[in-house]
Amino acid sequence: MINRLFINKTDNTYVQGFRYLFAGAAGFITDFTILFILTHFLDIFYLISATVSFTVGVFITYLISIYWVFQQKSHRKRTSEFILFVLIGIVGLILTLGLLWLFTEKLHIYYLISKIIATIIVYFWNFFARKKLLFSEIKSP
């Protein structure tokens, strides 16, 4: 069971989803920490901080994803794979910023709580988009 969840290569969506929780958590911890430092200590506007922190978090998630979560290769070059990963991340960033703004400015929720809520919502977009568009095998016609 431990090998199946943590070590063996897998195409099982449930196992990948479990592993992606760890990849996403590492990216989120990085993202959240940078957001807090930039906003709280450096007094940078939270939406700008969120953009910078999200970008670093996406890079961390990418590295963990390609080496541990989605081991099925899409037969793309690493550069193309990374560009597609980033494009999916940009959609995630737009969703995150929109939700962060909505929760913080309109619903008056503290920006760090807003970030947690937005991250949970965007997590599902990121996982399924990356699994389907990036880390699934390209089928020939």
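His 108 is found in the loop between H4 and H5, where helices are DSSP runs (H or I, at least four residues) numbered from the N terminus. The model is a predicted one, in which local features need pLDDT of at least 70 and side-chain atom pairs count only at pLDDT 80 or more, while totals for chains, interfaces and linings use all residues. Residues are numbered from 1 along each chain as its sequence is written, and side-chain values use heavy atoms, with hydrogens and water left out.

The phi angle of His 108 is near 60 degrees, a positive value in a residue other than glycine. Most residues other than glycine have a negative phi. His 108 counts as exposed, at 67% relative accessibility (buried means under 20% relative accessible area, exposed over 50%, and partly exposed in between, with a 1.4 Å probe and protein chains only). A positive phi, near 55 degrees, was also computed for Asp 43, again a residue other than glycine. Asp 43 sits in the loop between H2 and H3 and is exposed, with a relative accessibility of 67%.

Two packed helices are described by the angle between their axes and the distance between the axes. For helix H2 (residues 13-41) and helix H5 (residues 111-134), the angle is about 145 degrees and the axes are 10 Å apart. The axes are lines fitted to C-alpha atoms over the stretch in contact, and angles run from 0 to 180 degrees between N-to-C directions. The crossing of H2 with H5 is right-handed; a crossing is given this name if the near helix is turned clockwise from the far one by less than a right angle, and is left-handed if anticlockwise. On the H2 side the contact (heavy atoms within 4.5 Å) includes Tyr 20, Phe 28, Asp 31, Phe 32, Leu 35 and Phe 36, and on the H5 side it includes Leu 112, Lys 115, Ile 116, Tyr 123 and Arg 130. The residues of this contact divide into eleven nonpolar, seven polar and four charged. In this division Ala, Val, Leu, Ile, Met, Phe, Trp, Tyr, Cys and Pro count as nonpolar, Asp, Glu, Lys and Arg as charged, and the others, Gly among them, as polar.

One salt bridge was counted in the model, the term being used for a side-chain nitrogen of Lys or Arg within 4 Å of a carboxyl oxygen of Asp or Glu. The side chains of Lys 115 and Asp 31 form this bridge, with an N to O distance of 2.8 Å. Lys 115 lies in helix H5 and Asp 31 in helix H2, so the pair ties together parts that are 84 residues apart in sequence. Lys 115 is buried, at a relative accessible area of 1%, and Asp 31 is buried at 5%. Asp 31 is also touched by Ser 53, whose other contacts are Ile 34 and Leu 35, not counting residues up to four places away in sequence. Ser 53 belongs to helix H3 and is buried, with 0% relative accessibility.

Leu 112, in helix H5, is buried with a relative accessible area of 10%. Its contacts are Phe 32, Leu 35 and Phe 36, leaving aside residues up to four places away in sequence. The C-alpha atoms of Leu 112 and Tyr 14 are 29 Å apart, and the two residues are 98 residues apart in sequence.

In soluble globular proteins, nonpolar side chains tend to be buried together. Phe 85 touches Val 58, Thr 61, Tyr 62, Ser 65, Arg 130, Leu 134 and Phe 135, not counting residues up to four places away in sequence.

Notes:
Helix = DSSP H or I, 4+ residues; strand = E, 2+ residues; numbered from the N terminus.
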